[in-house]
Structure formats: C-alpha cells, structure tokens
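Take a look at the chain below.

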Amino acid sequence: MICPPRFSQTNCRGLRRHSAAIHQKLGNLPDTQTQILAYTREPVAFLLSLFHHQIRVGVYDGTFHDFVNGHMNLNNARFDKRLAGWRDVFGAQNVLAPDYDQAQRNHGATGIVADFLALMGHANVQLPQADRQVNAGVHPWLLDAYRQVYATDLLNREKRVLFEGLLTLGAQMPRVSAAAYYLGDDGLKELQARIADPSIAF
C-alpha cells in the first residue's frame, strides 16, 4: 500500500507501550512526520474478541470468567494507558485512536478495512463485496462447537470450513450480549468497574 507522506508505515508489533522503549526504537526517525494509528475498542468487547480468538486457535480452553480473572492482564483493555507512551513520544495530535466498532458500523461488511484505507488517504479503493463483516465474531451459544471442532483430528483446511460454517450460522442467530451470557449481569458490571478503576493495578 502506498500511503501519503504524512504517514510512516512502521511495523510496531512487539514494541512496549512505555515511552522510553518507543523512543529508543522510533523516536528519532529522520525527516519524517510520524502518525500512529491504533484502533481502540470498548474494553469488554476487546477482551471478548481476544477470548474468542484464543478459543478458535486452540491457545486457551477455559471460561471467559477465568480468562478475565487471571489468564489475561486487564491492562490490555486500558487503551488510554497503552497509548500514553506513544502520545509522550509523538504528541497526542499525532496518535489517531479511532473506535473499531464504530468503523464497523460506518462501513458495513468491509468495516475495518475500508476505514483503515480511508484514514490512509485511499477512501476510493474498491473493496470486494463481503457476505458478512470482516472479522465477524463468535456467537456465544456456539462456543462449545468451536472447541469441539478444534479438538478433532481434522486437517486445518477442513477445520476452517467448519469454522466458516459456524460463523455464518452465528450471524443468523439472535444477538445476545456475550459478556452477560458468560458472566451474568452482575459479573459484567463488576468487570467493567475493575477495568475503569485506575486505583486497581493488574
């Protein structure tokens, strides 16, 4: 992809969020005005996405309750804290933090891809039509089915076909709050309060 000169295409995977580490790696780019693009999400939605992804790829096989109570560091869902170091190094005006879910709503099935291209200055790029949104989520009623597919001895390409079928089925099912389904209403409120409380360190 060709980006406007105002953007620096740097792969920041694996860099820490602390300003000293970021500055050491990227703080002295010559003759470059760097802007950082980092999509953020509502914290619980972000944790659910991580949970579902790890279930699908077989990295984690526990419950969402255990996932947010020991397995996953909840600081991962505190985007202001994660982006603080980048703002310190490059300036708040150069750190773009659009909302991931709003991008999906704005652009339909091609959501995040279309939004990313628009921010890169390529809003007129024609994207192929999609039957459902890019990176569609796991329906919580089907979670055990995903586990069972992963646990089979099928070839990976055969598993992908079944996973695609489950995603399609999930898109046709009634929408439910996955977090409330997994944690209950009180458990969800407790999780939200823990993430929002800056006095709690994880």
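This is a predicted model: local features need pLDDT of at least 70, side-chain atom pairs count only at pLDDT 80 or more; totals for chains, interfaces and linings use all residues.

Residues are numbered from 1 along each chain as its sequence is written, and side-chain values use heavy atoms, with hydrogens and water left out.

The protein chain has nine helices and two strands. Helices (H or I, at least four residues) and strands (E, at least two) are DSSP runs, numbered from the N terminus. Read from that end, the order of elements is α-β-α-α-α-β-α-α-α-α-α. The chain holds 202 residues, and 37% of them are buried. Buried means under 20% relative accessible area, exposed means over 50%, and partly exposed lies in between (1.4 Å probe, protein chains only). Contact means heavy atoms within 4.5 Å. Among contacts between residues at least 6 apart in sequence, 68% join residues at least 24 apart.

Now go inside. A nonpolar core is a set of buried Ala, Val, Leu, Ile, Met, Phe, Trp, Tyr and Cys residues joined through side-chain atoms within 4.5 Å. In soluble globular proteins, nonpolar side chains tend to be buried together. The largest core here has 31 residues. Which of them touch the most other members? They are Leu-47, Phe-51, Phe-64, Tyr-146, Tyr-182 and Leu-191. Two or more residues come from each of α2 (43-56), α3 (64-71), α7 (143-151), α8 (156-172) and α9 (178-196). The largest share, eight residues, comes from α9. A second, separate core has six residues, including Ile-36, Ala-38, Trp-86 and Phe-90.

Leaving aside residues up to four places away in sequence, Phe-51 touches Tyr-60, Gly-62, Thr-63, Phe-64, Phe-67, Leu-143, Arg-147 and Tyr-182.

Phe-51 is one of the buried residues of α2. What covers the buried residues of α2 includes α3, α4 (79-90), α7 and α9. Helix α2 has 14 residues and reaches 20 Å from its first C-alpha to its last. That is close to the 20 Å expected at 1.5 Å a residue. The expected span is 1.5 Å times one less than the number of residues in the helix.

Next come the charged pairs. A salt bridge is a side-chain nitrogen of Lys or Arg within 4 Å of a carboxyl oxygen of Asp or Glu. By this rule the count comes to three salt bridges.

Arg-41 and Asp-101 form one of them, at 2.8 Å from N to O. Arg-41 lies in the loop between β1 and α2 and Asp-101 in helix α5 (residues 100-107), so the pair ties together parts that are 60 residues apart in sequence. Arg-41 counts as buried, at 18% relative accessibility. Asp-101 is buried as well, with a relative accessible area of 19%.

Asp-61 forms a salt bridge with Arg-147, the closest N and O atoms being 3.0 Å apart. Asp-61 sits in the loop between α2 and α3, and Arg-147 in helix α7, so this pair ties together parts that are 86 residues apart in sequence. Arg-147 is buried, with a relative accessible area of 18%.

Arg-147 also meets Asp-144 in a salt bridge (3.5 Å, N to O). Both lie in helix α7, three residues apart, about one turn of the helix. An α-helix has 3.6 residues a turn, so residues three or four places apart point the same way. Asp-144 is partly exposed, with a relative accessible area of 49%.

Accessible areas come from the Shrake-Rupley method with a 1.4 Å probe; for residues, only the protein chains shown count as cover. The accessible surface of the protein chain comes to about 12400 Å², of which 51% belongs to carbon and sulfur atoms.
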